[in-house]
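I opened this entry to look up a few packing and pairing details. The notes follow the order in which I looked.

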Amino acid sequence: MKTRLSNLTIANVPAAIPRYDRRAVTPGIVHLGVGAFHRAHQAAYVDACLADGESDWGIIGISLRSPDTRDALKPQDGLYTLAIRDSAGEQLQVIGSIQSLLVAPEDPGAVLAALTDPRIRIVTLTITEKAYLRAADGSLDGAHPDIVHDLANPGSPKTAHGFLAEALARRAIAGTPPFTVLCCDNLPANGATLHRLLIEFAKLRDADLARHVADEVAFPSSMVDRIVPATTDADRARIADELGIEDAWPVMTEPFRQWVIENRFPAGRPAWEKFGVTMVEDVGPFEDMKLRLLNGAHSGIAYLGLLSGHATVDRAFADPSIRQFVDRLWAEAIPTLPQDAGLDPIPYTAELAQRFSNTALAHRTAQIANDGSQKLPQRIVASALARLEAGLLPEHLSLVVAAWIAACAARGGSLPEGHFTDPLDAALNDLFGRNLPTATMAEAVFDLAGFANGHAERRKLIEFVATHLVHFKQGGPKLAFAALGIGNEPPRLAE
């Protein structure tokens, strides 16, 4: 059995290791949701800042649900290997920015103690879309059992809303300035969205707290981008062989990374811009381009790939029909982007095509397929509605929604390696079991997911989706593609 990665053994590791004294680092950031993406993205940027001498920005990582990350990294003193992979090879780097890890359900008091520490000036979040607990209209779901619990038990919360509200309340009472809340999830206007949700939560607790959150706490929006596939046992074994030392949870990623942040940090921040972070006044245009071109294409590749029998993104993107579809999807989405924001979408899609073709990542389509009901509104539905408003057709955008419905219906049946989940699974399965007419089924799914609620073009979009669903039912992706004339023409974008 190999020796475990740790502070004591890191000197023997044949990889890039932290170039700073970890013992001299003090915490300045609490991160909620310590998953693989955070460890490949924000933690790596902070690691670079620590190496540059900014020793007061160490990270305290918080798992809101599972102890898995803590259990893997605590014996390693928070150290882990970042494997940066492309078709040409792999570079290994040991990241040391995470100082400690806590598991909220085990000790909510310890999490609140971390959040109220005066040294903490920034709280970042990657908790995924579903953890924001929004109702169908986008407001806070005040009836959610976890929200009800947190309102009744402010000292032992379960949700990010509960922890943030209670910590901010305690800091205000103690005279400690509030931390800046930096959302790093794929939500439209993510900072403003979280700010609104937290104000709604605080109002259910106390009017003064709601005013404090509204007036005194900064919530800059940000846009993040880096492809981070799930780590496999084969990855662990390969990394262990390369390092000669065991790492319980290395993280796989690509060379590309991007972080765009609105520059509003009253309590200070690391000098992230030294290491490639773009600090801006308004992140909106960058966010729209990423959501609609990268994330939107990813969702299309995931569901069409699963329905076509492709287990990974690179294999799906190598399928001529899917590649042609993605080019057309981009052609539909690009006109919906802000036209006066200095964006350059054509080179951006060319870069995306290279990233999707990375054979070394093995990014599973089933991983991307998770939580489609939460992701599609901002990735696909918004673009489709924008086209309809402009008098344009959303033929390819609407097919992604239909592919999601078809893939959900096919799970457990014809989907190879197609296990993925959605917060609406129980209700969706009930709908699929009713054998409803296709048009009725499409409308019922829209109602259930809250897609395009109240929008004037909602009926037209449902009709497009229903038409695609008929094709999926009659002949699968092949017929759905053929109905759009896909099959013979060469790719038009991203060459």
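I started with the contact between helix 17 and helix 18: Ala427, Leu428, Leu431 and Phe432 on the helix 17 side meet Met441, Ala444, Val445 and Leu448 on the helix 18 side. By class I noted 8 nonpolar residues in this contact, with no polar and no charged ones. The model is a predicted one, and I read every entry here with that in mind.

Next I looked up the geometry of this pair. I logged the crossing of helix 17 with helix 18 as right-handed.

The crossing of helix 16 and helix 19 is right-handed.
I listed the residues in contact. Helix 16 contributes Glu395, Ser398, Leu399, Val401, Ala402, Ala403, Ile405 and Ala406, which meet Leu461, Phe464, Val465, His468, Leu469, Phe472 and Ala480 of helix 19. The class count for the contact of helix 16 with helix 19 is 12 nonpolar, 2 polar and 1 charged.

Strand 2 was next. How many residues of strand 2 are buried? I found 6 of 6 buried over residues 58–63, so noted as mostly covered. Gly58, Ile60 and Ile62 point one way from the strand, Ile59, Gly61 and Ser63 point the other way, and all are buried.
I checked the pairing of strand 2 as well. Strand 1 (residues 27–32) pairs with strand 2 in the parallel sense over 5 bridges, and Leu32 stands opposite Ile62. Strand 5 (residues 98–103) also runs parallel to strand 2, joined by 5 bridges. There, Val103 in strand 5 is the bridge partner of Ser63.

I moved on to an open sheet of 3 strands, in the order 4-3-9, with mixed pairing. Strand 4 (89–95) and strand 9 (251–253) stand at its edges with a single partner strand each, so one side of each has no neighbour in the sheet. Neighbouring strands of this sheet are turned by 25° against each other on average, direction ignored.
Strand 3 (residues 80–86) and strand 9 run parallel, joined by 3 bridges. Ala83 stands opposite Met252 in strand 9.
Helix 2 (residues 42–51) touches strand 3 and strand 4, and its direction makes about 65° with that of strand 4. Helix 9 (residues 233–243) touches strand 3, strand 4 and strand 9, and its direction makes about 80° with that of strand 4.

Strand 8 and strand 10 (residues 258–262) run antiparallel and are joined by 4 bridges; the bridge partner of Ser222 in strand 10 is Ile261.

Key:
Residues numbered from 1 in each chain as written. Predicted model: local features only at pLDDT ≥ 70, side-chain atom pairs only at ≥ 80, totals over all residues. Heavy atoms only, no water. Left-handed = near helix turned anticlockwise from the far one by under 90°. Helix = DSSP H or I, 4+ residues; strand = E, 2+ residues; numbered from the N terminus. Contact = heavy atoms within 4.5 Å. Nonpolar A, V, L, I, M, F, W, Y, C, P; charged D, E, K, R; others polar. Buried < 20%, exposed > 50% of the residue type's maximum accessible area, 1.4 Å probe, protein only. Pairing = 2+ DSSP bridges. Axes fitted to C-alpha atoms, helices over the stretch in contact; angles between N-to-C directions.
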